Amino acid sequence: MTLTLYHADTAVCAAKVRVTLAEKGLAYESCLINLHEGDQFKPEYLKLNPNAVVPTLIHDGAVLIESGIINEYLDEAFPANTLRPHDLVARARMRQWTKREDTIHDAINTMTAVIIFRHDLMQKPPEERAKRYEAMPNLAKRAKWVRMMEEGIESALVRDALQHFAKLYVDMEKVLADGPWLTGEQFTLADIGFISFFYRLEMLQCAGLWRDHFPRVTDWFERCKARPSFKTAILDLVPPPAYPKYEQIARPLWPKVDSVWRDVLTLF
Ligand SMILES: N[C@@H](CCC(=O)N[C@@H](CS)C(=O)NCC(=O)O)C(=O)O
């Protein structure tokens with residue numbers, strides 16, 4: 001049996017799959033894709049993943065894409081240490097959480113882009129910026145990217161992203177009254193789906209989004225971080241000292257994020 005994962009150390013979607021692999025104790029061959037260099041657009045990679053994104057998993061020659069689908073696949077293909085509830089109602093609830101991952105990922109992408117990517121890109125001359133935009137084959141993604149780069153932290157896209165987080169945390173806070181994990185007593189793919197997103201927000205100096213307002217969500221994330229899989233799948237690849245840049249760039253922007261956040265929270 002062979003498992004090969006195409007991923008990138010900081011890519012939050014790839015980290016979701018690494019957490020599942022670690023929780024299930026599955027070894028894999030690691031193929032790193034350099035997203036900044038544009039490896040994802042190379043023809044040989046596009047044959048595996050026509051969406052030009054990571055992760056891609058290859059299991060005994062079968063190519064699988066989409067992190068949430070890969071996670072369910074892994075749990076079905078390797079039933080030991082199951083990460084899905086046996087009870088069908090609980091399993092359906094788990095899928096209600098995993099279904100939200102793409103929307104939350106999009107919001108994470110907004111925050112990372114306006115805080116970090118923009119900082120880097122705006123230092124480049126306009127022609128080089130235009131080249132970067134043109135290299136993006138997906139026109140909707142390109143249009144969003146241009147808007148994020150032009151508008152930065154003031155963009156209404158930030159407010160949209162924060163609204164998605166607010167709804168998520170309110171819902172999480174509610175269910176976490178009934179158990180340590182999102183579907184109750186068992187740690188499942190529902191929890192796994194959000195861990196790397198929380199870590200990214202922590203790197204972006206935005207942990208106040210939950211720490212200042214949602215105590216059960218705060219405890220939940222601390223429990224996630226205490227699991228050995230967090231170290232193996234996330235921390236070992238993205239250690240905080242390797243990213244002082246994130247802190248330096250992001251910290252001055254937190255007051256602005258926090259003021260929009262407090263405003264958004266009044267809607268919930
Ligand atoms: N829905 C996809 C999203 C994958 C995705 O957007 N991956 C990001 C990294 S987290 C990526 O590869 N971005 C590179 C790019 O957009 O050029 C999944 O969950 O697998």
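Asp75 and Arg84 form a salt bridge in this predicted model, with their closest N and O atoms 2.8 Å apart. Both partners are buried: Asp75 is, and Arg84 has a relative accessible area of 8%.

**Salt bridges**

- Side chains of opposite charge can pair when their charged atoms come close.
- Arg84 also forms a salt bridge with Glu76, where the closest N and O atoms are 3.4 Å apart.
- These residues belong to a network of salt bridges that links Lys24, Asp75, Glu76 and Arg84.
- Arg84 counts as buried because its relative accessible area is 8%, and buried means under 20%.
- Another salt bridge joins Asp39 to Lys42, with 3.2 Å between the closest N and O atoms.

- Strands of a sheet pair through backbone hydrogen bonds, either parallel or antiparallel.
- In this model, four strands make up an open sheet with mixed pairing, and their order is β2-β1-β3-β4.
- The edges are taken by β2 (29–32) and β4 (62–65); each has a single partner strand, so one side of each is left without a neighbour in the sheet.
- From one strand to the next, the twist averages 20°.
- Strand β1 (residues 3–7) runs antiparallel to strand β3 (residues 56–59), and four bridges join them.
- If you want a spot to look at in this pairing, find Thr4, which stands opposite Ile58 in β3.

**Helix α1**

- Helix α1 covers residues 12–23, twelve residues in total.
- From its first C-alpha to its last, α1 reaches 17 Å, close to the 16 Å expected at 1.5 Å a residue.
- Eleven of the twelve residues of α1 are buried, so the helix is largely enclosed by the rest of the structure.
- After α1 comes Gly25, whose phi is positive, near 65°.

Notes: Residues numbered from 1 in each chain as written. Predicted model: local features only at pLDDT ≥ 70, side-chain atom pairs only at ≥ 80, totals over all residues. Heavy atoms only, no water. Salt bridge = Lys/Arg side-chain N within 4 Å of Asp/Glu carboxyl O. Buried < 20%, exposed > 50% of the residue type's maximum accessible area, 1.4 Å probe, protein only. Pairing = 2+ DSSP bridges. Helix = DSSP H or I, 4+ residues; strand = E, 2+ residues; numbered from the N terminus. Axes fitted to C-alpha atoms, helices over the stretch in contact; angles between N-to-C directions. Expected span 1.5 Å × (residues − 1).
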